[in-house]
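Reader: Please take me through how the parts of this protein are packed, one question at a time.

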Amino acid sequence: MQQLDIQIAVEADGWPEEVKLETVSSHVLEAAAAFLRAEEKQPFPAMPPEVSLVFSDDAQVRAINAEWRGQDKPTNVLSFPAFPLAPGGKPGPMLGDIVIARETVEREAADLDKSFDDHLTHLMVHGFLHLFGYDHMNSEEAERMESIETRILASLGLSDPYAGQDPV
């Protein structure tokens, strides 16, 4: 059962083919949505809500990060909820946008000794949870968000990306 209306835009070079990104995005985000529904009792609207994934680069993400967060540097993933939502709140027809920077994903994957695909999967899940109001601004929020991330990633066959780290 489709739980999401996933829209993707490839706005930079170097990404896998769009059809692969569509397949991976659908697999990852539908699994995350199913997990939230089953394990966190997350309500969903009757019609699948739309989520937009933008596959970008460091330059564009740096500009967005500077404009919207006042941080003039690239980052791996940015999330922009369409409407404010607290964890467990019912989303509207639009969840929001997730913007991912390819070069940062590549660098981090190499630094973490992980595959690009595994790290991209983690960042999709991370960004998706932000659209549902999860955050990591303090240790309590971080523990909750990281626990959910870890369990979603485990359902996808991936190891805990936070193993041995304090919540951030």
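Author: A crossing is called left-handed if the near helix is turned anticlockwise from the far one by less than a right angle, and right-handed if clockwise. Helices (H or I, at least four residues) are DSSP runs, numbered from the N terminus. This is a predicted model, in which local features need pLDDT of at least 70 and side-chain atom pairs count only at pLDDT 80 or more, while totals for chains, interfaces and linings use all residues. Residues are numbered from 1 along each chain as its sequence is written, and side-chain values use heavy atoms, with hydrogens and water left out.

Reader: In which hand does helix 1 pass helix 4?
Author: Helix 1 (residues 18–39) packs on helix 4 at an angle of about 50°, with the axes 10 Å apart. Val28 and Leu29 of helix 1 and Met124 and Phe128 of helix 4 are among the residues making the contact (heavy atoms within 4.5 Å). The crossing is right-handed.

Reader: How many of the 16 residues of helix 4 are buried?
Author: Buried here means under 20% relative accessible area, with a 1.4 Å probe and protein chains only. Helix 4 is mostly covered, and its buried residues number 13.

Reader: Does threonine 150 count as buried or exposed?
Author: Threonine 150 lies in helix 5 (residues 139–155), and, neighbours within four places in sequence aside, is in contact with Asp160, Pro161 and Tyr162. Because its relative accessibility is 18%, threonine 150 counts as buried.

Key. Buried means under 20% relative accessible area, exposed over 50%, partly exposed in between (1.4 Å probe, protein chains only). Helices (H or I, at least four residues) and strands (E, at least two) are DSSP runs, numbered from the N terminus. Axes are lines fitted to C-alpha atoms, for helices over the stretch in contact, and angles run from 0 to 180 degrees between N-to-C directions.
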